[in-house]
Amino acid sequence: MTSVATTATTQDAPRARPGSRRSWAWLGLVPFLLFALLFLAAPVLLLVAGSIHDNAGSLTLQNYQDLARPDIVLAFRTTIEISLVTAVVGTLFGFLMAYAVILAGLPGWLRAPLVTFAGVASNFAGVPLALAFIFTLGQLGLVTLWLKNTFGLHLYQEGFSLFTQTGLELVYLYFQLPLMILIIAPAIDGLKKEWREAAENLGATSRQYWRHVALPILMPSLMGTAILLFGNAFGAQATAYQLTGGTIPIVAVKIGAQISGDVLHNVGLGYAMAMGMVVIMSVAIGGYLLLQRKAERWMR
Amino acid sequence: MGHTQRASLVLLSAAAVFAGAVPAVAQSPAASTAPAMSMDALVAAAKTEGALNVIALPRDWCNYAAAIDGFKAKYGLTVNEINPNAGSGDEVQAIIANKDSGGPAAPDVVDVGLSFGPDMVAQGLLQPYKVSTWDQIPDSVKDADGNWYGDYYGVLAFETNTAVVANPPKDWSDLLKPEYKGQVALAGDPNVANQAIQTIIASALANGGTLDDVSAGLTFWKQIVDAGNFVPVIATSPTVAHGDTPITIRWDYNALANKDQAAADSGLVIDVAVPASGPFGGVYIQGISAYAPHPNAAKLWEEYLYSDEGQNAWLSGYCYPARFDAMKAAGTLDATSLAKLPDATGAIFPTLDQLNAAKALIADPAKGWNAVVGAPPAAASTAP
Amino acid sequence: MSQSPTTIASTVAAQAVATGSGKPGSHRRRRDRLVWWVVLIIGVTYFVLPLFATFQVSLGMTVPFKAYTNTFNDPKFWYSLLYSAVCAIGTILFSIALIVPTAYWARLKVPRARPAIEFITLLPFVVPPVVLVFGLIQVYGGGPPLGLPITSTDLGSTFLLIAAYVVLSLPYMYRSVDNGLRAVDIQSLTEAAQSLGAGWPTIIFRVILPNVRLSVLSGAFLTFAIVMGEYTIANFLARPAFGPYLSFLGRTKTFEPAAVTLISFGLTWLAMAMIALIGRKSRGRVTVVAVK
């Protein structure tokens with residue numbers, strides 16, 4: 001890597017004065033911390049402050065008490081369900097797709113288009129995504145009509161509907177899967193080919209390879225990314241709103257309605273719900289960070 | 001123009017420039033009795049400000065495209081069209097959020113549902129202004145102090161995509177017919193959208209309810225959901241035209257605008273029918289923001305809207321403008337637009353109190369839309 | 001005899017190092033490969049179908065390609081596309097300038113700060129965009145306590161938008177760059193460069209940055225897509241960005257949104273493919289060489 005012998009330089013300050021050296025080094029992080037303070041701390045503090053005030057401006061804990069309202073509890077439960085399902089399915093199938101183009105022996109040129117496509121698709125959400133799926137699986141959708149005309153299968157009569165929780169989960173996968181592909185690809189890259197070949201040399205079957213070699217190595221990354229996917233789905237709002245018009249209770253949609261809607265909105269309640277989101281996401285992210293640490297071992 | 005006139009005009013302009021140039025930081029609501037400017041002075045002052053910020057004005061809503069473009073052509077001002085998708089509540093929020101900045105996101109004028117007027121006055125968000133044609137606006141739709149004033153009204157109508165629905169509904173009870181499985185939608189989320197709320201009120205009237213108690217409307221929509229006829233997608237012009245929400249209820253001017261667009265786009269025929277049991281009307285109101293960054297441009301805009309030209313612009317969008325009766329008597333209504341205007345005689349208009357009560361009921365988590373109607377049944381069987 | 005997964009894995013790894021590659025049964029491989037093809041095809045079908053359906057709808061006007069000609073003739077389309085693209089590039093540059101030195105410095109000099117920094121970079125996941133934008137408007141809208149009306153001009157609002165986008169892209173950018181730095185021995189590189197008399201700017205721009213180019217590009221990918229598709233923040237800051245444009249179109253027009261969706265999808269994909277191409281061409285590490 002370097003073609004110059006790295007001699008131990010005595011050019012920098014010696015390690016003999018840890019106190020002053022350490023404080024000097026922290027200065028290098030000031031730009032970042034300043035940015036975070038200016039543009040991230042501000043809204044987060046607003047969140048906290050707003051959640052303990054009511055519309056008249058006085059301090060109150062009523063907003064947090066209101067979180068126990070059945071419709072809000074339902075919203076949290078529904079959103080968690082949707083996020084869990086799309087995280088698990090997204091992790092599974094996203095991993096399979098990523099593995100397929102990286103290590104499964106398929107033509108190498110497949111990888112680049114899939115990864116770049118994943119980059120675009122991972123942010124394809126909101127109005128265009130909802131419309132695209134309505135055009136595909138709506139009552140007059142491409143697939144719906146094709147199934148009717150070719151197989152005589154009336155999707156909507158059989159009980160399927162795009163505008164249900166299941167339908168929404170199907171739509172969410174469109175940006176969950178690509179996100180998984182993008183994030184797990186480097187981890188799969190780290191799964192060295194030699195390991196598989198060595199395992200086979202030792203007489204391992206495919207299943208044994210997976211069970212004892214590949215999956216243990218990948219598991220922290222997989223679980224970590226699953227948690228990331230959970231968070232991604234949990235915060236999504238525009239797609240759900242456009243597709244189901246607020247009939248499926250989603251926390252982010254409810255927050256939007258309280259903060260910027262009309263009919264008797266309660267801004268403080270919106271912020272309190274957002275704090276609920278913060279707590280749930282923090283737990284998820286904490287789990288992600290933990291698993292990241294474990295995954296780092298194998299990446300070296 | 002004589003010396004003194006020119007001098008006073010210059011003085012007025014200078015004052016306007018000064019007023020416009022001072023950054024709108026911590027601006028308090030304008031004094032309630034500012035002396036009315038002459039039209040020329042107003043135009044000059046507005047031109048100095050140079051721009052107008054409008055919000056929540058889709059170009060095909062009452063043909064606002066004609067009003068905006070006409071205003072731009074006549075006075076040469078730039079018009080910043082903020083968030084055309086916004087609902088009335090979003091407009092209020094935009095004023096509050098931007099009251100100290102006077103920037104491009106701060107609306108100068110708002111066009112909101114009737115029930116928002118008194119609320120906004122109470123919150124100090126409007127500044128009064130009486131246009132030169134003030135007296136021709138009916139008293140029932142304007143604030144005595146001039147803070148808000150009705151701009152146009154329309155009636156609710158069924159909007160049906162005839163390529164998908166062979167037999168369009170003619171009245172509220174038709175919506176329960178089994179042939180409409182999975183085809184009926186609301187044009188908004190009842191928790192926040194004015195059009196959806198008004199639809200529920202109107203349907204209440206047709207089902208034994210009264211303007212003071214609209215719970216019959218909620219039960220009616222529950223019946224629609226139970227019959228499997230409800231599709232939870234928010235209906236918009238494209239979803240009707242594409243057939244995903246083939247039947248919806250919207251203001252007649254929106255339905256008619258969509259009818260024109262669909263015919264031009266793809267030859268699709270959209271049927272627009274006022275419910276047989278009687279028309280139900282809704283009024284929208286104009287107001288100038290108390291924190292308007294361009295107050296003179298705002299006033300000029302109001303003068304334009306309430307001039308014959310502005311009123312006819314709305315008329316061409318199938319809306320009944322506020323000065324309708326006066327202009328009809330004077331014969332200044334545009335004949336072509338008038339001929340195409342849907343009939344709204346006998347329309348029922350809820351009062352402010354009734355509107356507020358209805359909104360409160362619909363939004364109530366225990367007794368309102370979410371509780372009574374809620375999410376549609378998951379396995380709603382529908383015919384394609 | 002049950003061994004823990006990690007010890008088995010370690011054994012395999014050691015074996016791989018010791019014996020090098022072997023020659024597995026090709027029959028089994030072919031069957032496996034078929035399975036993977038099926039997986040890929042199912043996935044690709046899932047992704048392509050909605051796009052194809054959108055394409056079909058976009059052709060539904062009486063004059064088939066009118067949706068596309070209408071779009072290309074709409075000045076607002078070009079303006080919003082350009083505006084968002086410029087914001088995206090601004091965001092990427094700002095992000096790189098902020099994060100690469102920070103990640104590098106933290107790894108090199110202040111490793112104890114890394115968990116705190118990681119936590120900060122994950123905060124954007126936790127804050128919904130609508131709360132973020134309302135918070136920013138409140139703080140920088142000219143009111144108390146700062147009295148700084150940044151949102152009172154177009155330029156100020158655009159600046160705030162880019163700052164918000166940098167916040168949104170923090171998790172991805174930092175993670176990518178950090179992963180890239182991990183694979184590089186920055187300690188040695190830095191010492192070598194310093195021993196040749198390089199100052200900090202030179203080190204960062206000409207030694208570190210080229211070595212993490214691929215990671216930076218990967219982060220830039222995601223940032224570009226995020227900015228192009230973003231709606232909420234641009235909407236509340238009243239910025240003429242692509243997200244609000246498309247959203248409004250989707251509520252009023254029937255056929256044009258389908259055309260615009262496909263065009264923007266295609267253009268974004270093209271941009272990313274170009275970025276990837278540039279990245280691939282310049283593979284390889286930068287070495288520090290002393291030339292006498």
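Buried means under 20% relative accessible area, exposed means over 50%, and partly exposed lies in between. Keep those cut-offs in mind. Also remember that this is a predicted model.

**Stop 1: chain A**

Select chain A and colour it by secondary structure. You will find 13 helices and 0 strands. Walk along the sequence and the pattern reads α-α-α-α-α-α-α-α-α-α-α-α-α.

How much of chain A is buried? Buried residues make up 57% of its 300 residues. Chain A exposes about 12,600 Å². Carbon and sulfur atoms supply 66% of that area.

Think about contacts next. Take those in chain A with a separation of 6 or more. Residues 24 or more positions apart account for 71% of them.

**Stop 2**

Side chains of opposite charge can pair when their charged atoms come close.

Check how open each one is. A:Arg77 has a relative accessible area of 52%, so it is exposed. A:Glu81 counts as partly exposed because its relative accessibility is 34%.

**Stop 2: chain C**

Select chain C. It has 13 helices and 0 strands. From the N terminus on, its elements run α-α-α-α-α-α-α-α-α-α-α-α-α.

Chain C has 292 residues, and 54% of them count as buried. For contacts in chain C with a separation of 6 or more, residues 24 or more positions apart account for 76%.

**Stop 4**

Select C:Arg114 and C:Asp178. Here is another salt bridge, with the closest N and O atoms 3.2 Å apart. C:Arg114 lies in helix α5 (residues 114–126) and C:Asp178 in helix α7 (residues 154–182), so the pair ties together parts of chain C that are 64 residues apart in sequence.

Are these two residues buried or exposed? Both C:Arg114 and C:Asp178 are buried.

**Stop 3: where chain A meets chain C**

Show chains A and C together. Here, 102 residues of chain A are in contact with 108 residues of chain C. The size of an interface is often given as the accessible area lost when the parts come together. Chain A and chain C bury about 9,200 Å² between them. Carbon and sulfur atoms account for 76% of that buried area.

Now select helix α13 of chain A, residues 267–299. This helix gives the most to the side of chain A that touches chain C, with 14 residues. Colour that whole side by residue class. It has 72 nonpolar, 20 polar and 10 charged residues.

How many salt bridges run between chain A and chain C? The count is 0. Polar contacts between these two chains come to 5 residue pairs, counting pairs with both residues at pLDDT 80 or more.

**Stop 4: charged groups in chain B**

Move to chain B and select B:Asp308 and B:Arg323. Their side chains meet in a salt bridge, 2.9 Å from N to O. B:Asp308 lies in helix α11 (residues 308–316), while B:Arg323 lies in the loop between β10 (320–321) and α12 (324–330), so the pair ties together parts of chain B that are 15 residues apart in sequence.

Why does B:Arg323 count as buried? Its relative accessibility is 5%, and the cut-off for buried is under 20%. B:Asp308 is at 30%, so it counts as partly exposed.

Next, select B:Arg59, B:Asp69 and B:Glu81. These three are linked in a network of salt bridges. Over all chains, the salt-bridge count comes to 14.

**Stop 5: a loop in chain B**

Finish at B:Ala166. This residue lies in the loop between β5 (148–161) and β6 (184–186) of chain B. B:Ala166 counts as exposed because its relative accessibility is 77%.

B:Ala166 and B:Glu179 are 13 residues apart in sequence. In space they are 9.8 Å apart, C-alpha to C-alpha.

Methods. Residues are numbered from 1 along each chain as its sequence is written. Chains are lettered from A and ligands numbered from 1 in the order in which they are written. This is a predicted model: local features need pLDDT of at least 70, side-chain atom pairs count only at pLDDT 80 or more; totals for chains, interfaces and linings use all residues. Side-chain values use heavy atoms; hydrogens and water are left out. Contact means heavy atoms within 4.5 Å. Buried area is the accessible area (1.4 Å probe) that two parts lose on being put together, summed over both. A salt bridge is a side-chain nitrogen of Lys or Arg within 4 Å of a carboxyl oxygen of Asp or Glu. A polar contact is a pair of N or O atoms within 3.5 Å; within protein, one must be able to donate a hydrogen and the other to accept it, and residues adjacent in sequence count only if both atoms are side-chain atoms. Helices (H or I, at least four residues) and strands (E, at least two) are DSSP runs, numbered from the N terminus. Ala, Val, Leu, Ile, Met, Phe, Trp, Tyr, Cys and Pro count as nonpolar, Asp, Glu, Lys and Arg as charged, and the others, Gly among them, as polar. Buried means under 20% relative accessible area, exposed over 50%, partly exposed in between (1.4 Å probe, protein chains only). Accessible areas come from the Shrake-Rupley method with a 1.4 Å probe; for residues, only the protein chains shown count as cover.
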